[in-house]
Amino acid sequence: MHARLRAFVAIADHHGFGPAARSLSITQPALTKQIQALERDLGATLFTRGRHGASLTEFGETLLPQARDVVAAVDEFTHRAHHLARGEQGRLTLGFGLSTIDIAPRAVATFRQSYPDVEVGLEDLPSAVQADRIRTGQLHAGFVRLPVGDDLHQRALRRDHLAVASTTPVPREVIRWLGRQRLVRLARIKGPGLTAQIDRLCAARQIQPGTLHETHDLQTVLALVAAGGGPALVPATAARIAPPGITFTALHDPEATWEVGIAWHPVQHTALVDNFVESVLTLGADDPI
């Protein structure tokens, strides 16, 4: 029916069967058959033929506006479907965490330059929660601490490590010094990956730093450090969001280092997810993140 309505509109626009057939890239006999079939379906004649081409009957003139609307609606539907199938439209839901607080916004901004019609949502979540939501389809992909399980696709983007954030000098024997400090800490419920990393470092080096303050936000941790509240162990990348006055001393220790990357579902991914992952990996190759 759609092809027949398109033929109807084309003949009305070109005032003849010959020009309409050329515009549709079909033969004139084929176009004639389409109109004849449409007229049989509708039960009345749409055109009269004369020396100067085809003219709409009153019946045809009455139906033409609605036929235009139907053709336009089907064209828009088809256009949108093709864009969705190619991953050029739709909604993308992503997760990110402490270690990727700088990666995620940059990756999304770069992706939007190539795919401006895609709506992107970002949610701050621990890596384990992101992995669970990717498995259940609540997230399309996530920027996470690696690894997150063999059941998910994952690619490393960079390495991160713990650093001491402080407003006072940190001695060369930093590990021994840490064992004597009371730290500003991020609550375990808000940063389970970070606190687990700190626990592994402390267990491996047999130190037990105390706790001075505990808060539920990394930026609040940094604000307390900046206000002289004491040192903190944070991801080195937190330096990018830190207020002035804080120095960061990197801990180059195997137990203080981890990889971060992107994870997505091996089965539930779509062209939209494929496009995003490709964009992230290309950004990582051109401008390491």
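Modeller: The largest cavity holds about 80 Å³ of space. This is a predicted model, in which local features need pLDDT of at least 70 and side-chain atom pairs pLDDT 80 or more, while totals for chains, interfaces and linings use all residues. Residues are numbered from 1 along each chain as its sequence is written, and side-chain values use heavy atoms, with hydrogens and water left out.

Biologist: What makes a space a cavity?

Modeller: On a 1 Å grid over the protein atoms alone, a cavity is a set of points where a 1.4 Å probe fits but cannot get out. A pocket is an open set, with protein on both sides within 12 Å along at least five of seven lines. Lining residues have an atom within 4 Å of a point. Points are joined across faces, edges and corners, and a volume is the space filled by probe spheres set on the points. The whole structure has one cavity of 30 Å³ or more.

Biologist: Which elements give two or more residues to the lining of the largest cavity?

Modeller: They are β7 (182-186), α8 (192-205), α9 (218-226) and β9 (232-235). These names come from DSSP runs, numbered from the N terminus: helices are H or I with at least four residues, strands E with at least two. Strand β7 gives the most, with four residues. Among the lining residues are L183, R185, T195 and V234.

Biologist: How do the residues of that lining divide?

Modeller: Ten are nonpolar, one is polar and one is charged. Ala, Val, Leu, Ile, Met, Phe, Trp, Tyr, Cys and Pro count as nonpolar, Asp, Glu, Lys and Arg as charged, and the others, Gly among them, as polar.

Biologist: And the largest pocket: how much space lies there?

Modeller: About 640 Å³. The pocket is lined by 33 residues, and P126, S127, R145, G193 and L194 lie nearest its centre. Helix α8 gives the most to this lining, with five residues. The lining divides into 17 nonpolar, ten polar and six charged residues.

Biologist: Why is H265 called buried?

Modeller: Buried means under 20% relative accessible area, exposed over 50%, and partly exposed in between (1.4 Å probe, protein chains only). H265 has 15%, so H265 is buried. H265 sits in the loop between β11 (257-264) and α10. H265 touches I134, R135, H140, L152 and H153, leaving aside residues up to four places away in sequence. Contact means heavy atoms within 4.5 Å.

Biologist: Why is H15 called exposed?

Modeller: H15 has a relative accessible area of 53%, so H15 is exposed. H15 lies in the loop between α1 (2-14) and α2 (17-24). Its phi is near 55°, a positive value in a residue other than glycine.

Biologist: What about Q206: buried or exposed?

Modeller: The value is 73%, so Q206 is exposed. Q206 is in the loop between α8 and β8 (210-215).

Biologist: What makes a nonpolar core?

Modeller: A core is a set of buried Ala, Val, Leu, Ile, Met, Phe, Trp, Tyr and Cys residues joined through side-chain atoms within 4.5 Å. The largest has 50 residues, and L92, F143, L178, L251 and F276 touch the most other members. Helix α10 (residues 271-286) gives the most to this core, with six residues. A second, separate core of 19 residues includes L5, A7, L31 and L38.
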